[in-house]
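My entries follow the structure.

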Amino acid sequence: MRKIFIIIIILSSISVFSQRETKTKIVDFYPAFRFGFQLPIHFGDNYFSKDLSSGFGFHSTLSLVKIYNFRLSLGYEFQKLRVENSDKIGNFDFINSNTYQFILEYEIPLNSKFDINPTISYGQCRFNYKENTGGSILAKQNLEEIRLGSYINYNLNKTFAGYAGLHFSHFYNSDLNATPENKDYFGKGNKFIISIGILIH
């Protein structure tokens with residue numbers, strides 16, 4: 001009887017242990033940091049597409065917690081845009097753009113090497129209009145942004161991954177005081193954003 005009782009206890013403890021091991025974590029402290037370069041491609045009948053030109057900028061995101069396969073990240077981007085048609089807007093030489101984002105990201109593992117991360121984000125963007133001489137800020141414009149897209153990651157090892165991204169962005173200035181035509185031309189636009197970089201996780 002005593003041997004049977006001991007066997008039952010051992011089997012019960014093994015069963016409980018195995019259940020704990022297979023239970024999925026809901027909230028996991030699993031930091032992830034992206035840093036890379038991006039190239040925006042503006043399009044449409046607007047000032048950003050027709051009167052500005054942009055080269056490579058840089059972006060970064062930071063996430064500390066994963067809930068199931070979802071991440072909420074904070075992002076920052078810097079982009080420099082050169083004014084090509086000063087007759088349209090005034091005597092500015094270039095614009096420095098600083099964007100702060102809230103990003104919701106979902107992780108989809110494809111295999112041991114590749115993951116896809118669809119994202120949706122909301123951002124606040126500040127345009128500082130500057131001149132080359134002295135670099136002083138001559139004007140400012142604040143924009144809001146909605147962005148949709150995805151990253152694809154290539155896992156180099158357990159810590160590092162390379163990634164490429166493609167996103168669509170619609171941005172607008174709802175507070176711009178202008179005629180309806182100028183509000184559409186100077187206060188809103190669309191762009192595709194191509195990005196590459198390193199993911200640390």
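**Salt bridges, looked up**

I began with burial: Arg-34 and Glu-105 are both buried, where buried means under 20% relative accessible area, exposed over 50% and partly exposed in between (1.4 Å probe, protein chains only).

I noted the basis next: the model is predicted, local features need pLDDT of at least 70, side-chain atom pairs count only at pLDDT 80 or more, and totals for chains, interfaces and linings use all residues. Residues are numbered from 1 along each chain as its sequence is written, and side-chain values use heavy atoms, with hydrogens and water left out.

I then checked the contact between the two. Arg-34 and Glu-105 form a salt bridge (a side-chain nitrogen of Lys or Arg within 4 Å of a carboxyl oxygen of Asp or Glu), with the closest N and O atoms 2.9 Å apart. The pair links distant parts of the chain, 71 residues apart: Arg-34 lies in strand 1 (residues 27-43) and Glu-105 in strand 5 (residues 94-106). Strands (E, at least two residues) are DSSP runs numbered from the N terminus.

I looked up Lys-66 and found a salt bridge to Glu-107 at 3.4 Å, N to O. This pair also joins distant parts of the chain, 41 residues apart, with Lys-66 in strand 3 (residues 57-67) and Glu-107 in the loop between strand 5 and strand 6 (108-109). Both Lys-66 and Glu-107 are buried. Arg-71 belongs to a salt-bridge network with Lys-66 and Glu-107.

I also logged Lys-188 with Asp-184, a salt bridge at 3.5 Å, N to O. Lys-188 counts as partly exposed because its relative accessibility is 34%. Asp-184 has 43%, so it is partly exposed.

Terms used:
Helix = DSSP H or I, 4+ residues; strand = E, 2+ residues; numbered from the N terminus.
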